[in-house]
Amino acid sequence: MTMQIPKIDSRSAEDIADKVKQNADIAAAKNNALAEALVSIFARYCEIIIERLNKVPEKNYHAFLNELGVFRNPPLAAVAPLTFKPVKHSADLAIVVPQFTKVTAPASPGETTQVVFETDRILNLTLAKLYKIVMLDTISDRYNSYNIDSGGDTINSAVFTGVKPIEHVLYIGLNKPLLAGKLSTLHLLITTEFSLSQANDTQLEWKIENGSGGELIMPEIDTSNALRRSGELIFKDLPEWTASALGNHVQYWLSCRLISRLGISTEQPQANSYLKLPSIQGIKLSGISSITAAKVDYAFANHLPLDLSKDFFPFGKYPKFSDVLYLSCRSVWQLGNTVCINIKLTNPASAKHEPPITRVNQEGSAVIQWEFWNGAGWESLICNDTSQGFTEDGTVTFCIPSASQSTQINGIDSEWLRVRLISGNYGHEASFLVIGSDQGGLGFNYQAATLAPPAIESISLNSVNNISPTTPDVIMVLNDFELEIIDLAQNKYFTPFRRGRTPSQILYCGLKAANPKLLAGHYLDLFFRISHNSAHLAYRGQQQSIVLSWQYWNGKTWQVCKIIDETQSLNCTGLVSLLVPEDLATWHETSLAENEPIFWIRAVLLAGEYQSKPILQQVLINTVMATQMTTLSNEILGSGNGDSTQIFYSARTPILGELRLEIREQQIPSAAELASICESEGAEAVTYFHDAQGQIEGIWVRWHEVKDFLSSGNSDRHFIVDRLSGEIRFGDGINGMLPPLGANNIRLQSYKTGGGSSGNKPENSITKLQSSVPWVDSALNLVAAAGGEDQEEWRSVYARGSTMLRHRDRAVTVEDYEDLALTASREVARAKCFPLLDLASNSPYTKQAGVISLVVIPGNKQAMPKPGFDLLRRVWVFLDQKRDQNAGLIILGPDYLRINLEISLVPAGEADITSDCLQRVERFLHPITGGNNAQGWEFGQIPHESDFIALLAGVTGVESVKSVCMSMEEERTGLLNSNVFLVCSGQHKIYLSS
C-alpha cells in the first residue's frame with residue numbers, strides 16, 4: 001500500500017486570511033481595500049512557507065529511503081532492431097557499421113527533439129540476403145517453407161513444426177545414350193532384400209522429370225506390389241524426356257514419390273523398423289526407345305545448303321557421278337539405334353497420278369550408296385533401300401555402327417550421313433549424235449533429253465532402340481530434403497523412403513551471398529523475432545535443458561559453428577550471431593535450393609522440449625540492436641580538493657546503464673592494488689600517461705560504483721551516483737577513499753543518457769543516420785521499438801521502500817514473492833502468489849507440496865494482459881537468487897474470466913450513446929486499471945450486474961438502464977470455482993429501446 005506523506009500544516013491562504021481577520025480588530029477597516037490587500041499578501045506568504053514546510057516529511061522520507069538503498073529508478077531506454085542496407089555495387093567491400101552509430105526518429109507531436117538510437121555493437125554489413133526459411137519436423141514428417149523476398153516478410157509459424165508432408169523420393173538417373181528420344185516401353189526390374197506380405201496400403205507416384213515439375217506416368221503392370229517385393233514394373237507410351245539437373249548431376253530422371261505417409265511405431269519411434277517398404281538390392285532397366293518422324297537438322301547437296309521446308313533435288317537438277325547428299329539428325333544418331341529414313345518423292349516413277357514434274361527416270365539404273373564417317377574416312381552402311389535409289393517412295397533402314405563419329409561438313413560439326421551417286425544415272429540431257437561415213441556420209445542425229453532427276457517432297461527419320469537390361473547411372477534418394485547418392489557397389493541394399501537417420505527438428509536458413517569470401521571470419525547477425533501464443537505460458541527455470549546446435553555446410557558435412565545466442569534457444573526475441581568459417585560452401589545435395597547456389601545454416605534441436613512452442617514471426621539479416629540513448633565520453637567533472645563534502649554533477653541526465661568514472665592519480669598504486677582494480681573493472685581500467693620525455697607521469701584509474709559506503713574501507717576507490725540528478729559523491733577517507741588532489745583530475749570516461757517512453761517508436765520510423773557511414777545506404781527499424789519507460793513515480797518508490805523493510809530482499813512469505821516480483825521488472829504491474837498449486841500443470845487446482853505459482857500481470861492496455869516469455873524468465877531468474885531452493889517456482893500469466901454483457905438502455909435523446917457506453921464498460925472491466933476505484937480487480941472478484949447499472953446510469957445521454965444480463969466465459973475449465981482468475985472484458989451487446 002502506498003504511504004501517504006503527512007502534512008505539518010494543511011491550511012490554505014484563505015484559511016489564514018480568515019484567521020487574521022478574526023484575531024485582529026479590522027472591523028473598522030472592513031471596507032478598506034488597502035487593509036484587505038495587506039491581509040491577502042500576508043496570507044499568501046504564509047501559504048508559501050507552509051508548502052515548503054510540508055515538504056520536509058517528504059524529503060526526510062526520501063532521505064530515509066536512500067539510507068535504505070532505495071532510490072528512484074531512472075527512465076528505461078527503448079530498444080529496437082535496426083536493419084542496415086549497403087549501397088549498390090559494393091559486393092567486393094568489407095563494410096562495417098561502427099558501435100554507437102546514431103540513427104534518429106522524427107519527433108512525435110508534442111516533442112521538441114528527435115529521438116536518438118545508438119547501435120549496441122559493431123555490425124559487419126554484407127550483401128548476403130535471406131533466401132528461404134524452412135522448418136522441418138522429421139518426427140511428424142512435416143515441414144514449413146517460407147521464401148524471403150524483402151527481409152521483412154512475416155513468417156508467423158511455430159519453430160520446428162510443419163503442416164506440409166515431407167517429400168520422400170527415389171530418383172533413377174539414366175544417361176543420354178540410353179534414352180535417345182521417346183520410350184515406347186520401359187521395364188523396371190526391382191530386387192528387394194525381403195518381401196512384405198501385408199495388404200498394400202503404400203501409394204507411389206511415378207514421374208518423368210523434365211525440369212518443370214515432371215509428368216505423371218502409371219505402370220500398366222506392377223508385380224513388385226509398390227516396391228514391397230521383388231518384381232517388374234512396365235510403363236508404356238511414355239512422354240518424351242529431357243535432361244535436368246538434380247544436385248550436381250544432369251540426367252534423364254525417373255522419380256518415384258511416396259504419397260502415403262510413413263508409418264509411426266509406438267514401440268520403436270526412432271527405429272527404421274517402422275518404415276513400410278523393404279530395402280532395395282538392385283534396379284535394372286530395359287525397354288524400347290523410339291523416335292518417330294524426326295526432322296532432318298541440316299542437308300547439303302554437295303556444298304549447297306538445301307531448304308527442307310519445300311521440295312528439293314537431292315543431287316541437284318543435273319546429277320552426275322559422285323554427286324553427294326549430306327544429312328544430319330542428331331536426335332536419332334545414337335549407339336545401336338535402328339534408323340529408318342522415310343522418303344517421299346515429288347516425282348516417283350510409279351506414281352498413280354501425274355506428278356507436277358517429270359517422273360524420275362529409272363532406265364539409267366542409278367545406284368546410290370549410304371555412308372557414315374568412322375573417324376578416318378567414309379564407310380559404307382549396310383542398308384535396306386526400298387526407295388530404289390530415290391526413284392520410288394520408300395524407306396532406307398540401317399543400324400548405326402559403333403564406329404560412327406562426328407565430323408564437320410560445311411562448317412557444321414555433327415553426325416552426318418552421306419548419300420553418293422556411284423553408278424548409273426537418271427537419264428541424259430539433249431544431244432546430237434555424229435553419223436559416220438559407213439552410214440552413207442557425215443551428219444548429226446538429234447537425241448532428245450531423257451534426264452528426270454529425283455525430287456524429294458519430304459524426308460523424316462524414325463529410330464528404334466532395344467535397350468538391354470542395364471543398371472542406372474545414378475541412384476539418388478531424397479529424404480528430409482537431403483539428396484543422397486546410393487552406391488550399390490558398396491551398399492548391399494538401401495531404403496528409399498525413410499526419415500532422417502536420427503529423428504530431429506531442424507530450422508534451415510538459406511542465404512544468397514554476392515561475395516561469400518567477405519563473410520568468412522566475421523559474425524553474421526540474424527535477428528529472430530519470437531512470440532508465444534500459448535494461453536498457459538509458464539516458466540519453470542528448466543529451459544536450460546533445450547540444446548540447439550547451430551551448424552553450417554562445408555561442402556561435405558554439417559559442422560558446428562561458433563555462435564552468440566541472445567534468444568535463449570529461440571525462446572525470445574534477439575540476435576543469433578554466427579562466426580562464419582572459411583570453408584562455408586553451397587549445399588547442392590538438397591532439394592531446398594532448387595539448383596541455386598545457396599549457403600545454408602541450420603539449428604538442430606538436440607535435446608529438451610519447449611514448455612511453450614515459440615512462434616517465429618520474422619528473421620532479419622544485417623540487423624543490430626539499438627538503444628534509445630546517447631553515449632558521452634571523457635567528460636571532465638572537476639578537481640579533487642580533499643574536501644569530503646565535495647559533490648560533482650554530470651553534464652547530462654539521467655544517467656543510464658553502466659558509467660565509467662576515472663581519476664588521475666599522481667602516485668602509481670601498488671601491484672596488488674592494480675591487480676585488484678583490473679580484476680573487478682577490466683583490463684582497460686588503468687591507463688598510463690607520459691610526459692614529453694616518455695616517462696610515466698601519472699595514471700588514470702577507474703573507480704567502482706557502489707550503492708552506499710557502509711562496506712567501504714578507507715582505501716576503497718568507491719563512489720555513489722544519483723542517476724536522475726547526475727550527482728556523484730565520494731567517500732570521506734574513512735568509509736571510501738577521498739579523491740586525490742589535482743586539477744581536472746576527475747572525469748567520466750563514458751556514460752549514457754536518454755530513455756523514456758518517447759523512444760517507443762513504431763516500425764519504419766527510425767530512419768535517419770546522424771552521420772554518414774561509408775558504403776551504407778540507409779537504416780530502418782522493421783520492428784517497433786519497445787521497452788522505453790519514464791522515470792519511476794514516487795508512489796512506486798514509497799511502496800517499494802515500505803515492502804523492502806519487510807522482505808529484506810529475501811522471498812520467504814507469499815507477500816515477499818509478490819513484492820519482489822514488482823521489483824524484478826517495471827513491466828510487472830501486479831503479482832499474485834499461489835502456494836501449493838502448479839497452475840501450469842494439467843491439474844492446476846489440486847494442491848501439491850513443494851510448488852509455488854506466481855502469477856504476473858504486465859501493465860499494458862490490452863483487454864487481457866499476458867506476459868511474454870522474456871518477462872517470465874527475467875522474473876524467475878531474479879527471484880531464484882532470493883528464494884528457498886527447495887520449492888519449485890513457476891512463473892506464469894493469469895487466467896481470465898471473460899464477462900459478456902447484454903444491456904438494454906433508454907437514451908435521453910437521439911444521440912448515439914452505444915460507443916460511449918461500450919468504452920465505459922471496457923474500461924471498468926480492465927483487470928489492471930478497472931473497478932470502482934480504477935485500481936483493477938482482485939483475483940477471484942466478480943462484478944455484479946448492479947455495478948453496471950450504476951456505471952451506465954452516469955453516462956451522458958442515458959435516461960435509464962432497463963436491464964443488464966451478465967454471462968461468464970472461462971478461459972480454462974474449472975476456473976470459476978478456483979478463485980485464481982481475473983475478470984476481463986468479453987463480448988458485449990447494447991440495445992437501445994424506448
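The lining of the second largest pocket comprises nine nonpolar, eight polar and six charged residues, where Ala, Val, Leu, Ile, Met, Phe, Trp, Tyr, Cys and Pro count as nonpolar, Asp, Glu, Lys and Arg as charged, and the others, Gly among them, as polar. The model is predicted, so that local features need pLDDT of at least 70 and side-chain atom pairs count only at pLDDT 80 or more, while totals for chains, interfaces and linings use all residues. Residues are numbered from 1 along each chain as its sequence is written, and side-chain values use heavy atoms, with hydrogens and water left out.

The space in the second largest pocket amounts to about 640 Å³. Among its 23 lining residues, Glu167, Tyr171, Arg257, Ser591 and Glu594 are the closest to the centre. A pocket is an open set of points on a 1 Å grid over the protein atoms alone, where a 1.4 Å probe fits, with protein on both sides within 12 Å along at least five of seven lines; lining residues have an atom within 4 Å of a point. The volume is the space filled by probe spheres set on the points, which are joined across faces, edges and corners. At least two lining residues come from each of β7 (142-147), β16 (244-246) and β17 (249-258), and β16 has the largest share, three residues. Strands (E, at least two residues) and helices (H or I, at least four) are DSSP runs numbered from the N terminus.

Five strands form an open sheet in the order β8-β43-β36-β41-β40, with antiparallel pairing; two strands pair if DSSP finds at least two bridges between them. β8 (157-158) and β40 (563-565) are the edge strands, each pairing on one side only. Two bridges link β8 to β43 (residues 615-621) in the antiparallel sense, and serine 157 lies opposite leucine 616 of β43.

Elsewhere, β33 (residues 474-479) and β34 (residues 482-485) run antiparallel and are joined by four bridges. Methionine 476 faces isoleucine 485 in β34. The two strands form a hairpin with two residues between them, and aspartate 480 in the turn has a positive phi of about 55°.

Cysteine 256 counts as buried (under 20% relative accessible area) because its relative accessibility is 0%. Zero disulfides (pairs of cysteine sulfur atoms within 2.5 Å) are present in the structure.

Methods. Buried means under 20% relative accessible area, exposed over 50%, partly exposed in between (1.4 Å probe, protein chains only).
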